[in-house]
Amino acid sequence: MPSRPYRSYGPTSKAGSTVALTSFKSAAAAVSTALAGAALLFTAAPASAANPPYDGCPAWALCLYQHEGGTGSKAVVTPPPAGGNAAIVRLTQVHFLNGELADNQVTSWINNSQCSVKFMDDPYGELHPSDLDFTAMWNWGAKGDYGTGTSKYYLNDRISSLQFWCP
Ligand SMILES: [Ca+2]
């Protein structure tokens with residue numbers, strides 16, 4: 001960044017501090033990039049290990065996570081369009097981003113869609129009613145967590161299908 005010494009003699013001393021702050025940010029970004037590069041070089045851990053909870057779920061989607069509290073690999077499920085009532089999604093056909101099948105492997109979820117979602121134990125839950133859980137429509141950001149110690153821990157790794165109702 002070019003230095004502009006004439007600014008420091010004027011009444012606008014704020015400009016000088018802004019330049020300094022920007023430089024600091026650039027330096028911090030460079031350090032972060034270097035650290036990220038180092039981590040890639042020296043570890044073989046999956047990138048998802050460091051993701052924050054419920055990370056990267058689009059504002060219109062239902063996201064399923066393999067581990068508790070929105071951690072682990074996720075599957076982004078696209079709801080049907082408005083009016084797409086009773087659409088069934090079978091997790092026997094859905095994979096997490098790490099390639100593993102989502103069937104009987106979901107431990108938490110977040111619903112960023114406006115749709116309600118019914119979660120079922122059977123992949124053909126509409127034929128063999130096996131309701132496990134439900135989240136209402138117009139309830140953006142609703143979460144489910146079946147991790148150890150949660151009130152619904154017994155639902156862990158059981159969801160095999162889900163049904164959207166989209167207003
Ligand atoms: Ca199941």
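pLDDT is the predictor's confidence in each residue, from 0 to 100. Keep that in mind, because what you see above is a predicted model: local features need pLDDT of at least 70, side-chain atom pairs count only at pLDDT 80 or more, and totals for chains, interfaces and linings use all residues. Residues are numbered from 1 along each chain as its sequence is written.

So, confidence to start with. The protein has a mean pLDDT of 81. Of its residues, 70% reach 70 or more. Now look at residues 3-24. There pLDDT stays under 50, and the model has 6 contacts for this stretch beyond four places in sequence. A contact here means two residues with C-beta atoms, placed from the backbone, within 7 Å. Residues 35-45 also have pLDDT below 50. Beyond near neighbours in sequence, that stretch has 0 contacts in the model.

Next, the overall make-up. The protein has 1 helix and 8 strands. Both kinds of element are DSSP runs, numbered from the N terminus: helices are H or I with at least four residues, strands are E with at least two. From the N terminus, the order is α-β-β-β-β-β-β-β-β. Take the contacts in the protein with a separation of 6 or more: 62% of them join residues 24 or more positions apart.

How many of the 167 residues count as buried? The figure is 24%. Buried means 20 or more other C-beta atoms within 10 Å of the residue's own; exposed means 12 or fewer; partly exposed lies in between; C-beta atoms are placed from the backbone.

Now the sheets. Two strands pair if DSSP finds at least two bridges between them.

β1 and β2 pair antiparallel over 5 bridges. They make a hairpin with 3 residues between them. In the turn, Gly69 has a positive phi of about 60°. Leu62 stands opposite Val77 in β2. Leu62 also stands opposite Asn111, in β4. As for cover, 5 of the 6 residues of β1 are buried.

On to β4, residues 108-111. Is it covered or open on its faces? Both faces are covered: Ser108 and Ile110 are buried on one side, Trp109 and Asn111 on the other. Strand β1 (residues 62-67) pairs with β4 over 4 bridges, antiparallel. Tyr65 stands opposite Ser108, and Leu64 stands opposite Trp109. Strand β7 (residues 142-145) is joined to β4 by 4 bridges and runs antiparallel to it. Over in β7, the bridge partner of Trp109 is Gly144.

One more open sheet to show you. Its 4 strands follow the order β3-β8-β5-β6, again with antiparallel pairing. The edge strands are β3 (87-90) and β6 (131-135), each pairing on one side only. Neighbouring strands here are turned by 20° against each other on average, direction ignored. β3 pairs antiparallel with strand β8 (residues 161-165) over 4 bridges. Find Val89 in the model, and you will see it stand opposite Leu162 in β8.

Conventions. Axes fitted to C-alpha atoms, helices over the stretch in contact; angles between N-to-C directions.
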